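Subject: Structure handover

Hello,

Here is the structure I promised to pass on. Please open it next to this note and follow along.

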Amino acid sequence: MRYCCLHIARLSAMLQHRCSKVGVLLAALLTSQLSLLSLLSACTPEPPLYLFDGGEISIRFPLVSVELDSYWDYGPDYDWRTEWYYGWDDEDRRLFGEIGYTEPTIFAMRRYYTGDVAKGPHQYVLSNTVDGSSFMGKYRWGMWDILVWNDIHTIDGVQSLNFDETSLEYVMAYTNQTMHTARYHAPRYVHSFYQPEPLFAAYEQGIDINRDLRGFEYDPEQDLYIKKLNMTLEPITYIYLPQIILHHNRNKIAGIDGMANLSGMARTTTLNTCTSGDDPVTVNYSSRLKYNCNKQGETVDIIGGRLMTFGICGQNANRVKSQADVVDANRHFLDMTMLFNNGMDSTFVFDVTDQVRRRYKGGVITVELDMDTIRVPSRSGGSAFNAIVKDFEDGGTHEFGL
């Protein structure tokens with residue numbers, strides 16, 4: 001039995017239109033006959049081995065920069081800023097973080113050994129953390145699959161994402177339920193779910209680590225044999241920017257409870273396939289009311305926020321080319337409790353199914369309300385106004401049921 005020691009010298013990530021590229025450099029140096037002192041495997045090989053022993057190499061790599069302008073490529077003339085009137089000020093950043101994706105700096109790595117069979121069943125897995133730009137790893141001769149995803153950082157230090165690694169074949173990400181009620185279109189669950197943090201993943205299969213160094217490149221300056229893997233690091237959680245624009249409000253809506261929900265979104269995602277699960281849930285997110293905003297010369301009040309989801313059920317949104325390719329059996333409802341100036345509150349519910357399907361990998365969701373058409377309720381308790389809202393410019397027909 002023989003082993004090789006390989007050196008992952010960098011995770012190189014750079015934006016190319018819709019996604020960032022992560023290059024994994026596997027470098028090995030052929031040395032004299034040595035004894036293997038420690039292995040990540042439980043086996044102790046005999047006799048002494050010829051090893052690939054890579055020195056510690058530090059290579060600077062470009063920053064990860066996934067810009068919404070490039071990722072939300074819904075057409076050559078599409079610019080999400082033209083329909084996003086809520087904005088994003090310092091208070092939004094303090095409360096919710098940056099509006100877009102942020103650069104990953106630490107990565108989790110899972111290395112799966114498949115024996116002599118390329119893309120075969122995983123026989124065992126080695127778990128590692130890549131902090132910075134270099135990683136030293138030992139590899140057994142044969143075929144390997146490699147899964148990489150970003151470490152999670154949050155403003156308050158509390159992480160909502162959980163990872164299920166029960167199976168050797170895949171890693172599943174999910175969040176837990178909140179204490180908030182899921183009112184609409186979440187048939188299996190009483191409560192809404194926490195939104196996940198930004199998550200990226202890359203998976204490469206059938207990596208041949210062979211004794212003959214086929215597929216390796218020799219670097220004479222460093223006296224290293226190098227194997228390069230081009231892995232695609234893609235977002236697998238998707239940002240939505242919901243905004244409710246209140247026309248002619250004149251303080252009729254005096255506040256909100258700060259919570260909102262979007263229904264019909266996936267409960268989980270699988271990192272190896274970057275595909276969301278089939279189980280629909282309601283996702284909870286925080287919102288904020290801004291007064292006296294400008295919408296094309298009109299002064300309006302706007303309720304807005306930033307929502308992260310696993311996306312539409314059963315989809316790998318990065319592989320969807322257009323809305324025509326979206327397969328979605330669920331309806332999507334946005335609900336929000338608003339407080340009137342007489343102290344009463346009501347829950348407004350909006351059908352935003354078409355907008356979610358149109359923005360299948362995230363984007364702006366807009367609801368417009370003419371407050372002159374909405375009477376102030378005389379009782380409180382979340383009376384659940386069911387609003388079927390057409391475009392405000394088309395006259396704004398609303399159906400309300402108390």
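Below is what turned up, starting with the salt bridges and ending with a pair of strands.

One caution to begin with: this is a predicted model.

**Salt bridges**

Searching the whole structure gives 17 salt bridges. As background, side chains of opposite charge can pair when their charged atoms come close.

Start with Asp69 and Arg81. They form a salt bridge, and their closest N and O atoms are 2.7 Å apart. The two residues are 12 apart and link distant parts of the chain. Asp69 belongs to helix α1, residues 68-71. Arg81 is in the loop between α1 and α2, and α2 covers 90-96. How accessible are these two? Asp69 has 43% relative accessibility, so it counts as partly exposed. Arg81 has 45% and also counts as partly exposed.

Now go to Arg288. Its side chain meets that of Asp89 in a salt bridge, at 2.9 Å from N to O. Arg288 lies in strand β21, residues 288-295. Asp89 sits in the loop between α1 and α2. The pair therefore ties together parts that are 199 residues apart in sequence.

Shared partners extend the picture: salt bridges join Asp89, Asp92, Arg288 and Lys290 into one network.

Is Asp92 buried or exposed? Asp92 is buried, with a relative accessible area of 0%. Buried here means under 20%. Asp89 has a relative accessible area of 28%, so it is partly exposed. Arg288, at 22% relative accessibility, counts as partly exposed too.

**A strand pair**

Next, find strand β26, residues 363-370. How many of its 8 residues are buried? The count is 7, so the strand is mostly covered.

Strand β26 pairs with strand β16, residues 238-247. The two run in the parallel sense, over 8 bridges. For one point to locate on screen, take Gln243, which stands opposite Thr366 in β26.

**Where to look**

Then turn to β16 and β26, which pair in the parallel sense.

Best wishes

Note on methods: Residues are numbered from 1 along each chain as its sequence is written. This is a predicted model: local features need pLDDT of at least 70, side-chain atom pairs count only at pLDDT 80 or more; totals for chains, interfaces and linings use all residues. Side-chain values use heavy atoms; hydrogens and water are left out. A salt bridge is a side-chain nitrogen of Lys or Arg within 4 Å of a carboxyl oxygen of Asp or Glu. Helices (H or I, at least four residues) and strands (E, at least two) are DSSP runs, numbered from the N terminus. Buried means under 20% relative accessible area, exposed over 50%, partly exposed in between (1.4 Å probe, protein chains only). Two strands pair if DSSP finds at least two bridges between them.
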